[in-house]
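Let's take a friendly walk through this structure together, starting with one whole chain and then turning to single residues. Keep the 3D view open as you read.

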Amino acid sequence: MTQKKTSFAIHNIEICDPYLEKKGTFHLVIEEGKIKCISQKEADTKNFEGTHIDCTGMTLAPGLCDPHVHFRDPGFAEKETIETGARAAAAGGFTDVACMANTNPVNDNLTTLGYIKYKAQNVDIGIHPICAVTQNLAGKKLVAFETLLKAGAIAFSDDGAIIDNEKILYQALKRVSELDALFIGHCETKSLSENTKVNLGATSFELGIDGNPEFSEGLSVFTHLFLAHQAKARCHIAHVSSSDALEWIKYFREKGSKLSCEVTPHHLTLTDEKCLTGEGRFLVAPPLRSNETRQKLIQGLNSGIIDCFATDHAPHTRTEKALGLQGAPPGMIGLETALTILWSLVKEKVITKSQLITKLTKAPREILGLPPNPIEESKVADFVIFKETNPYTLSNQDLHSKSQNSPFIGMEGFTKIQVVISKGKAAHVSGKSFQILH
Amino acid sequence: VKKRSREIVFRQVSDLPCSPLSFFQKTLEIKKKGIPPQWQSRFKNKTAVLYFEEPSTRTRLSFEIAIQKLGMVPISMSSASSSFAKGETHTEFMRFIAQYHPEIVVFRTASPLLPMCRDIPLVINAGTGQSAHPTQALIDYVTILEHLGKASPLRIGFCGDVSRSRIFRSHIRLAQLMKDIQIGVYTPFPFGEITGAPDSIQRFRDKKSFFKFSEVICILRNQSERKGLYNYTCGAKDDFINFYRMHESDIPDHTFVLHPGPIHFETDMTHTPLYREKTLIDQQVENGLYTRICLLGILGEQTQ
């Protein structure tokens, strides 16, 4: 953890801030971790006596927010801890993340929640625990929602498991609605998805294994949103991966439901053909889909059906992933690579830079109910500076997680993080110009 | 310094180093004239490891005999007698087995893919899960060429448990490598569940049109040992036996019949089609040996 507050001035930087819609190049002074001055005139910053850094060609954006990560702590320290997960997040430009509850013990009680919150105090980024919906993620008995909410749960989700009892699901949504809390749904129909590792289609046929049908997700999304509509609950659909799901989300949004949804960088940029290699790092739940579906997800992003990005950062050990189709657990890490991979969509003009940053910052923060982190004078500095680069090949050297199960290794990256300032402190420094902050 | 051999992994029919037709012709030439002496000197006294994770009779025996006829020493292993029972992965198996310097590893696994392998001159896929059984597809076409006098153009129809069949999948890949092969399927759900298969595959709902289409039919075994999402219910199996099991009276005289075996007479077909003139099941078994000799020989030349 960085102990000292940060002071420096940056010049000629482009700001991309969905809160303020500033345009052009700016000069900023950061003093004692706060934004002291933002100006288009360099002269306004000349009195600052500390380090001045030229940031020509770089972009300044609010710290990124990921509403869906798995930090495996407590219980799976061989995969990730809150400390290593936070380092991976900061390396990817994230200053706030929401951690899923499938730890060991499951985060369904005050002790585990307290443990996570205690450890979260000692890392540079904001860690926001999501508590389970059902005890031990077993889908049988509900947790003490109000107790956990008041103790700091940011949302409730059984992500990683499936609630396949509609009565339990409805009761959970009713309780969440009463508390005006957020329910995050991992939408798969258990009987259709169990024992599947890849998408149902050409890849599952080629491999001769049972495929995971898109309608497994579509059916579950319908069930979640229908019951959430009845219960008037705020429901966020995690890792949307099918066109059926998008149609139901659109339908219930038009009906006035309080809903939101996320999409992952891997579902937007990879297809199920990768699974033909049998490599464990391409196995994820929901699985990578066909290129046709990938295109529909991009359309969903453009049409505004999809609200935000989430990495679903899910570390697994090398030994587990080495099992491949023989039995590797599903999940991919993605915090370090999210921005650089999603930038390919900006380069292809599929989305604008402004859309990208909005869906990585303002949108997920609003869904989680986190306070805004605009780049504004007198506010605590909470931002990322990155630079578009020539395409480079992503390697394990780019990873900071304890695990290495990234599907993007070997692919091209298009941006490099220079520095991440989180809550006024330098959480990650990699750009040469910023080494002074070490 | 010993020059390291080229490493070849024969995963799919597309890994053949020659055209499928010339491979079929070469196999029939070996059947007629015998094994080229240079192949026997190439392999003399080398070791071949056969690892079969799943039960096998024809594939395993024919590979063992082929290996012996090429002058090699076959060492056979099964999952019960290996460290897989202790949780060792296939990749680890391949890594350590390379340290014994076998010339060839013949590998059958319940997984859909062969493991990563390095430092083994030749690795042969003898069946991977439900995804591929390339040598059996080659055998079928060697038999077709031998008895029909052509390998293409051809209309080949499949019935039986197509959904779970690795042979069916290898046939599709082989058809994609060859010209003018049309594939038809006549089998009900769930045995005929082939979502994701190429659109060119023709589906038939009645026997009459299926036999009108097919010059050759390939009957596939009901693979009840394989479990999954579409576990076969008693009802589906009963429907299959009542309406789709092949009887001699169903099959036109001019239609050639293949079955890769083992035959389940209570579900796949009655005994009587076995004794038809154009039923080529025993010939498939015989050609299995020559196909595997030819494959090992041709690929062995590539690894030198």
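Of the 438 residues in chain A, 62% are buried. Do keep in mind that this is a predicted model. For a chain of 438 residues, a compact globule would have a radius of gyration near 22 Å, and because chain A comes out at 21 Å, the two agree. Along the principal axes, the C-alpha atoms of chain A fill a box of roughly 65 × 45 × 45 Å. The accessible surface of chain A is about 16,800 Å², with 48% of that belonging to carbon and sulfur atoms.

How is chain A put together? Its secondary structure consists of 14 helices and 18 strands. Among contacts in chain A with a separation of 6 or more, 74% are between residues 24 or more positions apart.

The largest nonpolar core holds 82 residues, and V97(A), I127(A) and F156(A) have the most contacts inside it. Helix α12 of chain A, residues 338-347, gives this core its largest share, six residues.

Next, the cysteines. A disulfide is a covalent bond between the sulfur atoms of two cysteines. Counting pairs of cysteine sulfur atoms within 2.5 Å, the total over all chains is zero disulfides. For C16(A), the nearest cysteine sulfur belongs to C55(A) and is 15 Å away, and C16(A) is in no disulfide. C159(B) is in no disulfide either; the nearest cysteine sulfur, that of C218(B), is 7.8 Å away. C16(A) has a relative accessible area of 10%, so it counts as buried, and C159(B) is buried too, at 1% relative accessibility.

S243(A) lies in helix α8 of chain A, which covers residues 243-254. Is S243(A) buried or exposed? With a relative accessible area of 13%, S243(A) is buried. Setting aside neighbours within four places in sequence, S243(A) is in contact with E214(A), T293(A) and K296(A).

Y275(B) sits in the loop between β10 (256-258) and α9 (281-303) of chain B. Y275(B) is exposed, because its relative accessible area is 65%. Its C-alpha atom is separated by 28 Å from that of E225(B), a residue 50 residues apart from Y275(B) along the chain.

Key:
Residues numbered from 1 in each chain as written. Chains lettered and ligands numbered in written order. Predicted model: local features only at pLDDT ≥ 70, side-chain atom pairs only at ≥ 80, totals over all residues. Heavy atoms only, no water. Helix = DSSP H or I, 4+ residues; strand = E, 2+ residues; numbered from the N terminus. Buried < 20%, exposed > 50% of the residue type's maximum accessible area, 1.4 Å probe, protein only. Contact = heavy atoms within 4.5 Å. Core = buried A, V, L, I, M, F, W, Y, C linked by side-chain atoms within 4.5 Å. Rg over C-alpha atoms; globule rule 2.2 N^0.38 Å. Areas by Shrake-Rupley, 256 points an atom, 1.4 Å probe, with all protein chains shown as cover.
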